[in-house]
Amino acid sequence: MRATLNDLNNLEDPMPAMNFEFLLGNLPAGLNADSLNIKCQQVSLPGMSIEPMEMALHGQVLRFPGRKTFPGTLSATFVEESNVGTQRVFRTWHEKIKSTNTSKSTGYKRDYSVTARINVYDNANVLRDEVDIFGLWLSELSDIQLDGQSSQVMLVQVTFTYDTWRSNIHPFE
């Protein structure tokens with residue numbers, strides 16, 4: 001049966017994708033992440049998957065749920081300011097994780113990873129989801145595209161690696 005106008009009118013308001021904050025917490029080496037929350041243009045809410053477990057018998061293949069996994073990577077885009085403060089924070093954090101000169105870490109995972117949080121709000125500014133991301137560290141600071149033929153804001157794209165995540169409002173059972 002096709003949806004009617006009455007069916008559509010009974011739906012809740014749509015969830016806007018723009019009402020969020022990405023909180024990186026206490027970065028290593030005293031780096032200040034406060035302004036990064038404001039400058040975060042895009043971030044991905046992490047997902048999850050279940051690996052299929054196959055059983056082949058008598059010419060047939062049956063698939064069952066195997067282990068549950070988390071993607072382990074999270075992408076985000078930040079707006080750069082004229083003082084290149086965004087790049088400076090991410091470059092310094094990246095250097096703390098693995099030094100360019102020595103190829104050594106400046107500590108252990110507990111020293112360079114953080115617990116980050118993504119808060120998602122509805123149009124009435126009510127917190128609808130609060131996702132904690134555990135063991136998050138900066139794995140990639142992407143190339144920054146410069147273009148002398150356009151009037152665009154400089155964007156800093158990064159990729160984080162993490163262990164797992166949990167919603168505090170909609171927890172796993």
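Mentor: Happy to! Please keep in mind that this is a predicted model. Let's begin with Asn125, whose relative accessible area is 58%. Exposed means over 50%, so Asn125 counts as exposed. To find Asn125, look in the loop between β6 and β7. Its backbone is worth a look too: Asn125 is not a glycine, yet its phi is positive, at about 65 degrees. Ser103 is another residue other than glycine with a positive phi, in this case near 60 degrees. You will find Ser103 in the loop between α3 and α4, and α4 spans 109–112.

Now let's go inside. In soluble globular proteins, nonpolar side chains tend to be buried together. Here the largest nonpolar core is made of 28 residues, and Phe22, Leu24, Phe90, Trp93, Leu136 and Phe160 have the most contacts inside it. Two or more core residues come from each of β5 (73–79), α3 (85–97), β6 (114–121), β7 (127–141) and β8 (155–161).

Leaving aside residues up to four places away in sequence, Leu24 touches Ala33, Leu36, Phe90, Trp93, Val114, Thr115, Ala116, Leu136 and Phe160. Several aromatic residues have come up by now, so let's turn to the rings.

A pair of aromatic rings is described by the distance of the centres and the angle of the planes. This model has 7 aromatic pairs. In one of them, Phe70 and Trp165, the ring centres are 6.1 Å apart and the planes meet at 80 degrees, so the pair is edge-to-face. Phe70 sits in the loop between β4 (60–69) and β5, while Trp165 belongs to strand β9 (residues 164–167), so the pair ties together parts 95 residues apart in sequence. The two partners can also be judged by accessibility: Phe70, at 24%, is partly exposed, whereas Trp165, at 10%, is buried.

Trp93 and Phe160 make a tilted pair, with 5.9 Å from centre to centre and 45 degrees between the planes. Trp93 is in helix α3 and Phe160 is in strand β8, so this pair ties together parts that lie 67 residues apart in sequence. Both Trp93 and Phe160 are buried. These two rings also belong to a cluster in which ring pairs link Phe22, Phe78, Phe90, Trp93 and Phe160.

The largest pocket has a volume of about 250 Å³. Its lining includes Asp143, Ile144, Gln145, Met154 and Leu155, and by class it has 5 nonpolar, 4 polar and 2 charged residues.

The second largest pocket holds about 150 Å³. Among the residues that line it are Pro16, Phe20, Gln41, Val43, Ile118 and Val120. The elements giving two or more residues to this lining are β2 (40–43) and β6, and β2 gives the largest share, 3 residues. This second lining has 7 nonpolar and 4 polar residues but no charged ones.

Notes:
Residues are numbered from 1 along each chain as its sequence is written. This is a predicted model: local features need pLDDT of at least 70, side-chain atom pairs count only at pLDDT 80 or more; totals for chains, interfaces and linings use all residues. Side-chain values use heavy atoms; hydrogens and water are left out. A nonpolar core is a set of buried Ala, Val, Leu, Ile, Met, Phe, Trp, Tyr and Cys residues joined through side-chain atoms within 4.5 Å. Buried means under 20% relative accessible area, exposed over 50%, partly exposed in between (1.4 Å probe, protein chains only). Helices (H or I, at least four residues) and strands (E, at least two) are DSSP runs, numbered from the N terminus. Contact means heavy atoms within 4.5 Å. On a 1 Å grid over the protein atoms alone, a cavity is a set of points where a 1.4 Å probe fits but cannot get out, and a pocket is an open set with protein on both sides within 12 Å along at least five of seven lines; lining residues have an atom within 4 Å of a point. Grid points are joined across faces, edges and corners, and a volume is the space filled by probe spheres set on the points. Ala, Val, Leu, Ile, Met, Phe, Trp, Tyr, Cys and Pro count as nonpolar, Asp, Glu, Lys and Arg as charged, and the others, Gly among them, as polar. Rings of Phe, Tyr and Trp (its six-membered ring) pair if their centres lie within 6.5 Å; planes under 30 degrees apart count as stacked, over 60 as edge-to-face and the rest as tilted.
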